Amino acid sequence: MFHLAWFLSWQVQSWNGTWSGEGGNEWNHPDLYVDMTRSLERAGFDYVMFEDGAFVPDSYGGGHDWWLARARSVPKQDPMQLLPILSQHTERLGLVGTMSTSFYPPYMAARTMATIDHLSHGRAGVNLVTSHNTRTAQNFGHEDIFEHDLRYEMADEWIDLVKQLWGSWDADALVQDRARNVYVDGSRVRPIDFRGTWHSSRGPLNTLPPPQGHPVICQAGGSTAGRALAAKHCDTLLAQVESVEAMKEYRADVRARMAEAGRDPDSCKVMFIVSPVLGETQADAEAKNARALAGFKADISVNLANMSYASGVDFARYDLDAPFPDLSGTNATRSSMVMMSANAAGMTLREAAESNVRRSVDLVGTPDAVAAQMGEIAEEVGGDGFLISGNVNRRYIAEITDGLVPELRKRGLVRDGYTHEQFRDNLLEF
């Protein structure tokens, strides 16, 4: 068996296309996500994860006009405000929001996530990013983004502090002893007096200890520094790689790092990002996929902008028919840079933009065929699961939850209901 999750943003969803519902309005209200998370829970998903970014992109075309006109990564809302609402409409699904370790104050982060863990009865998770964009840094009062590996050193200390704050209350500190008129036993709550290189905090938290001990920690660690941080701290890890062999290498590397860090490798679930394309027949699915690929050639600005977003390099400035540029000097997401550069090797920039240099394993076919393929991949890789990334509209959600998942269940590949009440317990069940 393997796990399922869904990756998305609280941003404009398919506003100018078929099956987009109310287009540019519905994304901004909870209803779409309430319906979605109910469907995911019915399908036995482990969690839904909302990525986030605190800036208006301007890395393509010399400004922000393209991004705003296309509603690409902006406007975007803070997902932490959405999770408590979704928690009231679901019972078992894990709910993960994103925080930046570079800019989110550790005490505020610990307190916020502890609160959401209580509101959701132990179903909160946090996706930790170090932030790679200069505009984000400038929004928080810095001239430039911190150097790549330094960001991960800072994140390691940040997580250590947050964990200590979550642990500043003993699990049994709440006694509610009416006879002695004692609500909390003060001897079981203590300051942490944390003083690090970049962060400090006296503590303790002023909230009750989180129901899970600490919320589930998630990260997308692709670089060497990212993998090391994930191996030390994470409960689930997101990875985008383009082949089964790359999946095997990635998972084996992370598990080896976990063992070196003194952790049980089975205590972190590696989830590989995929975007299944489903059809009534194989021909139908292939035609749908071909239309999507044709879209890259019809409007290469989308791929150019996506590459600019990940790298911080304005690809609008380059000659489209010159060789793909060298990205080795960028200070952004290194794993994305490595993937893009490797996939674009020998191509012109135009050829790269007409293809998809940030791709994953192709899953194209009927629900039955794709379910069989996912089972074969999971068996060869060894687990742990898949993170769906695709159009957030009711049709695609239904294709996954009511088309693909029943076929996966027929094969005994995914759960049929939940054994536990809390997020981490379900994540570690198998």
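The model is predicted, so to speak, from the start: local features need pLDDT of at least 70, side-chain atom pairs count only at pLDDT 80 or more, and totals for chains, interfaces and linings use all residues. Residues are numbered from 1 along each chain as its sequence is written, and side-chain values use heavy atoms, with hydrogens and water left out.

Helices and strands come first. Both are DSSP runs numbered from the N terminus, with helices being H or I runs of at least four residues and strands being E runs of at least two. A pair of packed helices is described by the angle between the two axes and the distance between them. Helix 6 (residues 148-166) and helix 7 (residues 224-233) pack at an angle of about 10°, and their axes are 9 Å apart. Here an axis is a line fitted to C-alpha atoms, for helices over the stretch in contact, and angles between N-to-C directions run from 0 to 180 degrees. The two helices, helix 6 and helix 7, are therefore roughly parallel to each other; angles under 35 degrees count as roughly parallel, over 145 as roughly antiparallel, 65 to 115 as roughly perpendicular and the rest as oblique.

Which residues do the meeting? On the helix 6 side they are His148, Asp149, Tyr152, Ala155, Asp156, Ile159 and Lys163, and on the helix 7 side Ala225, Gly226, Leu229, Lys232 and His233. Contact means heavy atoms within 4.5 Å. Sorted by class, the contact of helix 6 with helix 7 has five nonpolar, three polar and four charged residues. In this sorting, Ala, Val, Leu, Ile, Met, Phe, Trp, Tyr, Cys and Pro are nonpolar, Asp, Glu, Lys and Arg are charged, and the others, Gly among them, are polar. Helix 6 also holds Arg151, which is buried, with a relative accessible area of 1%. Buried means under 20% relative accessible area, exposed over 50%, and partly exposed in between (1.4 Å probe, protein chains only). Arg151 and Thr101 sit 50 residues apart in sequence, yet their C-alpha atoms are 8.2 Å apart in space.

Next up is helix 8 (residues 244-260). Its 17 residues reach 24 Å from first C-alpha to last, close to the 24 Å expected at 1.5 Å a residue; the expected span is 1.5 Å times one less than the number of residues. Val244, Met247, Tyr250, Arg251, Val254 and Met258 are the buried residues of helix 8. Looking down the axis of helix 8, these buried residues fall within an arc of 125°, so they line one face of the helix. The arc is that of the directions from the helix axis to the C-beta atoms. The buried residues of helix 8 pack against helix 7, strand 10 (236-239), strand 11 (269-274), helix 13 (367-381) and strand 14 (385-388). Just after helix 8, Gly262 has a positive phi of about 80°.

Helix 13 can be read in a similar way. Its 15 residues should span 21 Å at 1.5 Å a residue, and its end C-alpha atoms are 21 Å apart, which agrees. Pro367, Val370, Ala371, Met374, Gly375, Ile377, Ala378 and Val381 are buried in helix 13. They cover an arc of only 165° around the axis, which puts them on the same side of helix 13. Exposed Glu376 and Glu379 are carried on the face of helix 13 turned away from its buried side.

The peptide bond from Val74 to Pro75 is cis, with omega near 0°, and Pro75 lies in the loop between helix 2 and helix 3. Ser73 is placed in the loop between helix 2 (65-70) and helix 3 (83-87), and counts as buried at 18% relative accessibility. Leaving out residues up to four places away in sequence, Ser73 touches Gln11, Pro57 and Tyr309. Another cis peptide bond runs from Gly203 to Pro204, with omega near -5°.

His121, a residue other than glycine, has a positive phi near 55°, and at 63% relative accessibility His121 counts as exposed. Asn181, not a glycine either, has a positive phi of about 60°; Asn181 is exposed, with a relative accessible area of 72%.
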